[in-house]
Amino acid sequence: MAENQTCVVIGASHAGVNFAFALRKAGWQGNIKLFDADPTLPYHRPPLSKAYLTSADAIDKNLLKAADTYQKEQIELNLGVKVGSIERSAQVVQLQNGEQVAYDKLVIATGARPFIPPIEGIESAEQLFPLRTAEDVENIRQAFEQSEQKRVVIIGGGYIGLETAASLKKLGAQVTVLEREPRILARVTAPYMSDFFQELHAKNGVAVETNKNVVRIERANQQNFVQCDDGTDYPADIIIVGVGIRVNSEIAMEAGLEIDNGIKVNGQAQTSDEHIYAIGDCTYHFNPHYQRFIRLESVQNAVDQAKVAAAAICGKEVNYDTLPWFWSDQYDVKLQMVGLSQGYNEILIRKEAEEHKFSVWYFKDDELLAVDAVNNAKAYVVATKFIKSGEIINKTKLVDSNIEFKPANLL
Amino acid sequence: MAKIIFITSDSEKVELEADSGSVMELAVQNGVQGIDGDCGGVCSCATCHVHVAPEHFDKTGPASEIEQDMLELDDDANEYSRLCCQIEVTDALDGVVLHVAK
């Protein structure tokens with residue numbers, strides 16, 4: 001591997017940072033230059049809405065890698081620097097500060113940003129925050145401390161919204177979650193799971209309101225009023241918006257790379273330009289297990305695609321082929337998910353003797369597609385093994401919690 | 001204050017001292033090779049797997065139920081396996097030797 005080559009990475013979060021370290025480990029001897037507009041040392045994002053929000057910790061307790069390891073691995077970390085454009089013919093990236101940086105290989109790890117829906121009055125609402133960056137959490141913590149009544153309205157009943165609800169409730173907030181669909185988590189889980197989480201939040205004193213389409217935010221008497229199309233109205237000292245993301249694919253699109261629900265990449269995480277790779281939340285990639293193109297918002301995908309891109313750039317034979325997995329922590333409930341449930345036609349629920357311990361199994365006929373495991377790492381592990389092996393599960397045995405939870409017992 | 005000794009899969013010996021936090025945090029903060037802690041320390045990813053030196057197993061104690069379950073996904077796991085995000089640093093750990101799993 002030539003020593004005078006340069007690999008430029010746009011984006012220094014889970015994907016970009018893990019890529020840089022993986023590239024060095026895979027034997028790359030040239031320069032590695034990481035760029036990110038976020039001025040903070042790269043940190044873990046999942047805890048932001050969970051443990052980090054409720055702690056008083058500074059972000060340096062939450063770093064992806066120790067500050068001095070970048071230097072040790074000769075990874076040049078350029079923070080607070082935004083990349084403006086990619087000039088493919090010249091193989092340079094143009095920074096917004098006017099500088100140009102040449103690359104031999106370029107990796108786009110730009111991730112996604114929160115989607116702020118076009119709700120009337122949202123621009124002028126005060127104390128309104130998304131939750132994706134350490135700065136967002138700082139702002140929320142500060143607003144929370146300054147607020148007397150601590151009335152929080154969360155727009156969006158997805159994982160970010162619900163985790164934030166649980167965390168802020170723990171801090172003593174009065175929390176209302178407004179979900180547009182008839183049930184929370186509608187896009188990602190079965191109705192059984194939606195009901196479970198709805199009840200869990202209710203028990204913990206969080207009001208979760210469904211069928212609430214927010215149409216206007218009014219500012220009066222130093223308060224926000226969140227108004228829905230059914231005429232209901234919620235006063236809010238703080239508003240959190242968690243209604244999904246938009247992929248940061250503009251820079252790739254402007255460079256003429258193939259875009260399709262994200263930056264399209266092949267099994268080596270390579271884009272339509274052989275010198276440019278893309279990894280993480282911003283990619284639209286093929287999943288061999290499910291035999292279709294997907295886009296994932298997850299740490300697992302960011303880290304695993306990073307490793308694949310690093311190996312590919314170092315000339316190793318590699319193909320991205322991993323099973324997606326996710327997790328969420330709310331109150332004392334630990335949810336672990338494996339696989340992708342889209343296309344299921346049957347759901348089986350296995351309940352264990354303990355309260356709040358069960359698993360939801362998504363099948364398409366005999367094929368196990370995915371499992372949501374609640375406080376049940378064993379179910380998560382057994383499910384992972386079955387999905388990977390493709391062995392047929394005996395469904396009658398599966399739902400019988402008197403049968404010990406082992407793959408061999410479920411055949 | 002406890003001294004914790006990591007042996008990486010390249011047989012590099014890394015001696016660290018701490019008085020609080022998790023063993024995973026300590027390893028990541030000091031760039032111990034092979035301890036990734038991808039999930040940030042919530043026992044969800046199994047990328048902080050260590051083998052406790054058998055003679056020191058009483059210092060750490062055995063893996064919890066959830067750790068044991070997660071470790072089943074790792075072919076390299078054995079009876080001395082722990083996910084070190086689940087090991088709190090206390091004085092009781094002083095001198096413990098942890099072999100970073102592959």
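Helices (H or I, at least four residues) and strands (E, at least two) are DSSP runs, numbered from the N terminus. The model shown in these views is predicted.

**View 1. N261(A) sits in a loop and has a positive phi.** The loop lies between α7 (250-254) and β18 (263-264) of chain A. The phi of N261(A) is about 60°. The residue is not a glycine. N261(A) counts as partly exposed, because its relative accessibility is 45% and that class lies between 20% and 50%.

**View 2. A269(A) also has a positive phi without being a glycine.** Here phi is about 65°. A269(A) belongs to the loop that runs between β18 and β19 (276-278) of chain A. Its relative accessible area is 1%, so A269(A) is buried; the cut-off for that class is under 20%.

**View 3. Five strands of chain A form an open sheet.** The strand order is β9-β16-β10-β11-β12. The pairing is parallel. At the edges stand β9 (128-129) and β12 (207-209) of chain A. Each has a single partner strand, so one side of each lacks a neighbour in the sheet.

**View 4. Strands β10 and β11 of chain A pair in the parallel sense.** Strand β10 covers residues 151-155, and strand β11 covers residues 174-178. Five bridges join the two strands. In one of them, I155(A) has L178(A) in β11(A) as its bridge partner.

**View 5. Chain A and chain B meet in a contact of 27 residues from chain A and 21 residues from chain B.** The size of an interface is often given as the accessible area lost when the parts come together. Between chain A and chain B, the buried area is about 1,900 Å². Carbon and sulfur atoms give 52% of that area.

**View 6. A salt bridge links K357(A) and E65(B).** The two side chains meet at 3.5 Å, N to O. The count between chain A and chain B is four salt bridges. Four residue pairs are in polar contact between these chains, with both residues at pLDDT 80 or more.

**View 7. Several elements of chain A touch chain B.** Those giving two or more residues are α1 (14-25), α3 (67-72), α8 (299-313), β22 (325-330), β23 (333-339) and α9 (377-389) of chain A. The largest share, six residues, comes from α9(A). By class, this side of chain A has ten nonpolar, six polar and eleven charged residues.

Definitions and conventions: Residues numbered from 1 in each chain as written. Chains lettered and ligands numbered in written order. Predicted model: local features only at pLDDT ≥ 70, side-chain atom pairs only at ≥ 80, totals over all residues. Heavy atoms only, no water. Contact = heavy atoms within 4.5 Å. Buried area = accessible area lost by both parts, 1.4 Å probe. Polar contact = N/O pair within 3.5 Å; in protein donor to acceptor, adjacent residues only side chain to side chain. Nonpolar A, V, L, I, M, F, W, Y, C, P; charged D, E, K, R; others polar. Buried < 20%, exposed > 50% of the residue type's maximum accessible area, 1.4 Å probe, protein only. Pairing = 2+ DSSP bridges.
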